[in-house]
Amino acid sequence: MKIFQTLEDLAACVGQEVAVSDWITITQQQVNLFADATGDHQWIHVDVEKAAAGPFGGPIAHGFLTLSLLPRFFESSFEITGSRMGVNYGLNKVRFTAPVPVGSRLRARMKLLAADVIDNAGMQMTWEVTVEREGSPKPVCVAESLVRRYP
C-alpha cells in the first residue's frame with residue numbers, strides 16, 4: 001500500500017499509475033447477495049446449473065457488482081494520511097469489456113488523470129480505473145471515476 005501525506009502529494013502524480021490493488025476473489029455468495037440487493041436475478045448470475053450450459057460456461061458476476069468494488073480497490077491500494085474523508089462524486093465513463101466468471105480473481109490499476117482544487121480545501125480527482133481478471137489479457141472493466149477528498 002502506498003501512503004501519501006497530503007492531497008498535494010497525490011496531485012503530483014497526475015498522469016501516472018498511482019497504485020495497484022490487492023487481488024480479490026469473486027464468489028457465488030457475493031453474486032447472490034448482490035442479486036438480492038439489486039433485484040437482478042438473471043440466470044447468468046444466480047442459476048449455477050443453467051449458467052453452466054450458457055454462453056460463459058458458468059455464472060458470471062454482474063457488471064455493476066464489479067463496478068461497486070471500486071471503493072474496495074482504492075482502499076487496499078493507497079492512503080492519504082492528511083485526508084479525513086473522501087466521497088464518490090460519480091463516473092464519466094464505464095465499460096464492461098469482458099465477463100467475470102464466478103471464482104475469478106480481480107484487481108484494479110489506478111491512474112490519476114486529474115486533480116483539481118475544490119471548495120473547503122478539497123480536491124476532485126479523476127481516476128482511470130482498469131479492473132483486471134487474473135489470467136486474462138483483456139480487462140473486465142474500465143471506468144473513469146470521480147472522487148472528492150477533504151483534509
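Strand β8 (residues 141-150) is largely enclosed by the rest of the structure, because eight of its 10 residues are buried. The model is a predicted one.

**Strand pairing**

- Strand β5 (residues 85-95) runs antiparallel to β8, and nine bridges join the two.
- Within this pairing, Gly-86 has Arg-149 of β8 as its bridge partner.
- Strand β7 (residues 122-133) is also antiparallel to β8 and is joined to it by nine bridges.
- Trp-127 stands opposite Ser-145, a residue of β8.

**The largest nonpolar core**

- The largest nonpolar core comprises 33 residues.
- Leu-10, Leu-106, Trp-127 and Val-131 have the most contacts inside this core.
- Strand β7 contributes five residues, the largest share of the core.
- Leaving aside residues up to four places away in sequence, Val-131 touches Thr-66, Leu-70, Phe-73, Leu-106, Arg-107, Ala-108, Pro-139, Val-140 and Cys-141.

**Helix α2**

- In helix α2 (residues 28-38), the residues Gln-28, Val-31, Phe-34 and Ala-35 are buried.
- The buried residues of α2 line one face of the helix, because they fall within an arc of 125° when seen down its axis.
- Gln-29, Leu-33, Asp-36 and Ala-37 are exposed on the other side of α2.
- The packing partners of the buried α2 residues are α3 (43-46), α4 (48-52) and α5 (63-68).
- Gly-39 follows α2 and has a positive phi, near 80°.

**The largest pocket**

- The largest pocket holds about 380 Å³ of space.
- Its lining consists of 17 residues, and those nearest the centre of the pocket are Leu-70, Pro-71, Phe-74, Asn-88 and Val-147.
- At least two lining residues are supplied by each of α6 (70-75), β4 (78-80), β5, β7 and β8.

Conventions
Residues are numbered from 1 along each chain as its sequence is written. This is a predicted model: local features need pLDDT of at least 70, side-chain atom pairs count only at pLDDT 80 or more; totals for chains, interfaces and linings use all residues. Side-chain values use heavy atoms; hydrogens and water are left out. Buried means under 20% relative accessible area, exposed over 50%, partly exposed in between (1.4 Å probe, protein chains only). Helices (H or I, at least four residues) and strands (E, at least two) are DSSP runs, numbered from the N terminus. Two strands pair if DSSP finds at least two bridges between them. A nonpolar core is a set of buried Ala, Val, Leu, Ile, Met, Phe, Trp, Tyr and Cys residues joined through side-chain atoms within 4.5 Å. Contact means heavy atoms within 4.5 Å. The arc is that of the directions from the helix axis to the C-beta atoms. On a 1 Å grid over the protein atoms alone, a cavity is a set of points where a 1.4 Å probe fits but cannot get out, and a pocket is an open set with protein on both sides within 12 Å along at least five of seven lines; lining residues have an atom within 4 Å of a point. Grid points are joined across faces, edges and corners, and a volume is the space filled by probe spheres set on the points.
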